[in-house]
Amino acid sequence: MPALTSNVTDTALLFEGGGMRASYTSGVVVALLEAGLHLDWVGGISAGSSNACNYLSRDADRARRSFTDFAADPRFGDVKTFVRGDGLFNAKYIYQEAGLPGQALAFDWDTFSANPAQLRIGGFNATTAEQVHWGRDDYSHIHDLMIRVQASSTMPVLMPPVTIGGEVFVDGALGPAGGIPLDAARADGYEKFLAVLTRERGYVKPPQGAEWFFRRHFRKLPAVADALMARAEHYNATREELFELERAGRAYLFVPEQMPVGNGERNVGKLHASHEAGLAQARRELPAITEFLGLA
């Protein structure tokens with residue numbers, strides 16, 4: 001396959017996580033691909049990393065199915081998989097098996113590999129409390145990519161931690177940016193941002209409760225408990241920074257007009273409705289997005 005090209009090289013595309021709330025923002029992936037808007041730097045954390053991968057493999061159908069139909073897969077996960085230690089979301093199946101050729105959610109590795117755009121996937125080192133943003137040099141095989149998407153998406157308690165290179169990782173949203181890879185884009189030299197968020201504009205994350213539970217549950221990984229306690233402050237600060245960048249004309253924020261599902265939603269009908277609502281909003285905003293990107 002010949003190398004693909006990007007037509008936007010001065011703007012970073014950021015995908016926030018949020019579990020099944022990404023059903024809404026998967027509509028943005030579809031709309032950007034429909035419009036032929038191909039940004040040269042893409043970052044994703046948690047569920048946002050799946051949106052980022054689908055965007056860079058230029059697979060609109062997989063972008064939709066990942067957060068809609070796939071929830072009906074009998075191996076997607078439930079209380080039984082949680083009890084046996086595989087997670088409420090059956091992480092190994094979802095990320096390491098379903099995306100293989102011929103499987104339920106086959107990933108287009110060839111197109112992804114031919115795409116020149118940088119991909120940063122955010123993970124959180126559960127031992128050192130270090131935020132990691134993996135890049136293209138870390139993805140020589142589909143397994144290298146998908147295990148990092150799994151690590152980035154590993155919601156504490158609900159999913160088992162992931163070991164990569166002898167290090168233990170959990171959800172990248174526990175890092176200092178709170179789940180939006182603005183810091184990674186800046187570290188790579190970007191000053192202009194298209195950020196795809198999964199919470200309404202007026203949302204403010206409340207402080208994490210049940211500290212005693214998390215301190216006990218993660219007694220062998222205290223950095224995780226510490227990060228959970230600090231997450232609301234970090235998340236709200238990054239959101240406010242994005243709003244400031246928006247006011248300065250340096251960021252375009254796609255913000256859900258309404259968010260119809262929670263992060264654990266499994267009802268396929270509701271997930272489809274969420275995707276369609278996000279797609280409709282993204283299509284309405286395409287002229288403004290295209291103008292912001294300098295392609296109008």
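**Notebook: strands, salt bridges, pockets and cavities**

I first looked up the partner of phenylalanine 124 and found that its bridge partner in β6 is valine 170. I note that this is a predicted model, in which local features need pLDDT of at least 70 and side-chain atom pairs count only at pLDDT 80 or more, while totals for chains, interfaces and linings use all residues. Residues are numbered from 1 along each chain as its sequence is written, and side-chain values use heavy atoms, with hydrogens and water left out.

*Strands.* I took helices (H or I, at least four residues) and strands (E, at least two) as DSSP runs numbered from the N terminus, and I counted two strands as paired if DSSP finds at least two bridges between them. Strand β3 (residues 118-125) runs antiparallel to strand β6 (residues 167-171), and three bridges join them. On β5 (residues 162-164) I again found three bridges to β6, also in antiparallel orientation, with isoleucine 164 partnered by glutamate 167. β5 and β6 form a hairpin with two residues between them, and glycine 165 in the turn has a positive phi of about 60 degrees.

*Salt bridges.* With a salt bridge taken as a side-chain nitrogen of Lys or Arg within 4 Å of a carboxyl oxygen of Asp or Glu, I find 12 in the structure. For accessibility I used under 20% relative accessible area for buried, over 50% for exposed and partly exposed in between (1.4 Å probe, protein chains only).

- Arginine 64 and aspartate 61 meet at 2.6 Å, N to O; because they are three residues apart in helix α3, about one helical turn separates them. Arginine 64 is partly exposed at 21%, as is aspartate 61 at 37%.
- Arginine 186 and glutamate 241 have their closest N and O atoms 2.1 Å apart. This pair links distant parts of the chain, with arginine 186 in helix α8 (residues 182-187) and glutamate 241 in helix α10, 55 residues apart.
- Arginine 247 forms a salt bridge with glutamate 240 (2.9 Å, N to O); arginine 247 is exposed at 59%, whereas glutamate 240 is partly exposed at 35%. I also noted that salt bridges with shared partners join Asp61, Arg64, Arg65 and Asp69 into one network.

*Pockets and cavities.* On a 1 Å grid over the protein atoms alone, a cavity is a set of points where a 1.4 Å probe fits but cannot get out, a pocket is an open set with protein on both sides within 12 Å along at least five of seven lines, and lining residues have an atom within 4 Å of a point.

The largest pocket has a volume of about 560 Å³, and of the 26 residues that line it, Lys205, Gln208, Leu228, Arg231 and Asn263 are the closest to its centre. Helix α10 (residues 222-247) gives the most to this lining, with four residues. The second largest pocket has a volume of about 210 Å³; its lining has 16 residues, with Val157, Pro160, Pro161, His217 and Phe218 the closest to the centre.

I then found two cavities of 30 Å³ or more. The largest cavity holds about 270 Å³ of space and is lined by 20 residues, of which Ser50, Ser66, Phe67, Ile94 and Tyr95 lie nearest its centre. The largest share of that lining, three residues, comes from α2. The second largest cavity has a volume of about 30 Å³, and among the residues lining it are Ser6, His38, Tyr55 and Arg58.

Definitions and conventions:
Grid points are joined across faces, edges and corners, and a volume is the space filled by probe spheres set on the points.
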